[in-house]
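Please look over the sequence and the model shown here. A short report follows.

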Amino acid sequence: MTTNSILELAVCIVADKPAAAEARNRAMQAVSRYPGFVSWRAVGSCETQGMVADLVEWETLDAAKSAGERVRVDPEFAPYMAAISTVMLMQHFTVDQQI
């Protein structure tokens with residue numbers, strides 16, 4: 001994690017986890033080429049079936065917001081958007097402390 005970067009956290013519910021995982025992999029490849037992209041950690045819940053979370057690191061808040069607009073029209077991202085039945089949380093964060 002880089003200093004002063006922005007962390008974007010999205011927590012979602014998917015109906016078909018294997019299909020969503022395949023679509024998410026395509027989305028990750030597309031987003032990795034966006035300006036300001038740093039990293040993407042894709043995780044799945046151990047307790048709640050169908051719950052996934054994406055932690056994406058961006059160089060700046062502007063880069064994160066620009067990417068948010070771009071994914072809405074990116075055909076490589078569309079299958080992942082379609083696989084998501086509910087968005088529980090979608091927020092941007094700064095790191096206050098780290099050990």
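M51 is found in strand 3. Leaving aside neighbours within four places in sequence, M51 is in contact with V11, C12, I13, K17, G44, S45 and M88. Contact means heavy atoms within 4.5 Å. Helices (H or I, at least four residues) and strands (E, at least two) are DSSP runs, numbered from the N terminus. The C-alpha atoms of M51 and C12 are separated by 5.7 Å, though the two are 39 residues apart along the chain.

The model is predicted: local features need pLDDT of at least 70, side-chain atom pairs count only at pLDDT 80 or more, and totals for chains, interfaces and linings use all residues. Residues are numbered from 1 along each chain as its sequence is written, and side-chain values use heavy atoms, with hydrogens and water left out.

**Cysteines**

How many disulfides does the structure hold? It holds 0 disulfides. A disulfide is a pair of cysteine sulfur atoms within 2.5 Å. C12 is in no disulfide, and the nearest cysteine sulfur, that of C46, is 17 Å away. C46 is in no disulfide either. Is C12 buried or exposed? C12 is buried, with a relative accessible area of 3%. C46 counts as exposed, at 75% relative accessibility. Buried means under 20% relative accessible area, exposed over 50%, and partly exposed in between (1.4 Å probe, protein chains only).

**Helix 2**

Helix 2 covers residues 61–71, and A63, A64, A67 and V71 are buried there. Seen down the axis of helix 2, these buried residues fall within an arc of 100 degrees, so they line one face of the helix. The arc is that of the directions from the helix axis to the C-beta atoms. D62 and E69 lie on the other side of helix 2 and are exposed. What covers the buried residues? The cover includes strand 1 (6–14), helix 1 (17–31), strand 3 (51–58) and strand 4 (84–94).

**The largest pocket**

The largest pocket has a volume of about 500 Å³. On a 1 Å grid over the protein atoms alone, a pocket is an open set of points where a 1.4 Å probe fits, with protein on both sides within 12 Å along at least five of seven lines; lining residues have an atom within 4 Å of a point. Grid points are joined across faces, edges and corners, and the volume is the space filled by probe spheres set on the points. Of the 22 lining residues, E8, V71, F77, M81 and M90 are the closest to the centre of the pocket. Helix 2 gives the largest share of the lining, 6 residues. Strand 1, strand 3, helix 2, helix 3 (78–83) and strand 4 each supply at least two residues. By class, the lining has 15 nonpolar, 2 polar and 5 charged residues. Ala, Val, Leu, Ile, Met, Phe, Trp, Tyr, Cys and Pro count as nonpolar, Asp, Glu, Lys and Arg as charged, and the others, Gly among them, as polar.

**Distances along and across the chain**

The table gives C-alpha to C-alpha distances for pairs of residues.

| Pair | Apart in sequence | Apart in space |
|---|---|---|
| P18 and D74 | 56 residues | 21 Å |
| A82 and A30 | 52 residues | 16 Å |
| L89 and V56 | 33 residues | 13 Å |

P18 is found in helix 1 and is exposed, at 61% relative accessibility. A82 lies in helix 3 and is exposed, at 67%. L89 sits in strand 4 and is partly exposed, with a relative accessible area of 31%. Not counting residues up to four places away in sequence, L89 touches L9, A10 and V11.
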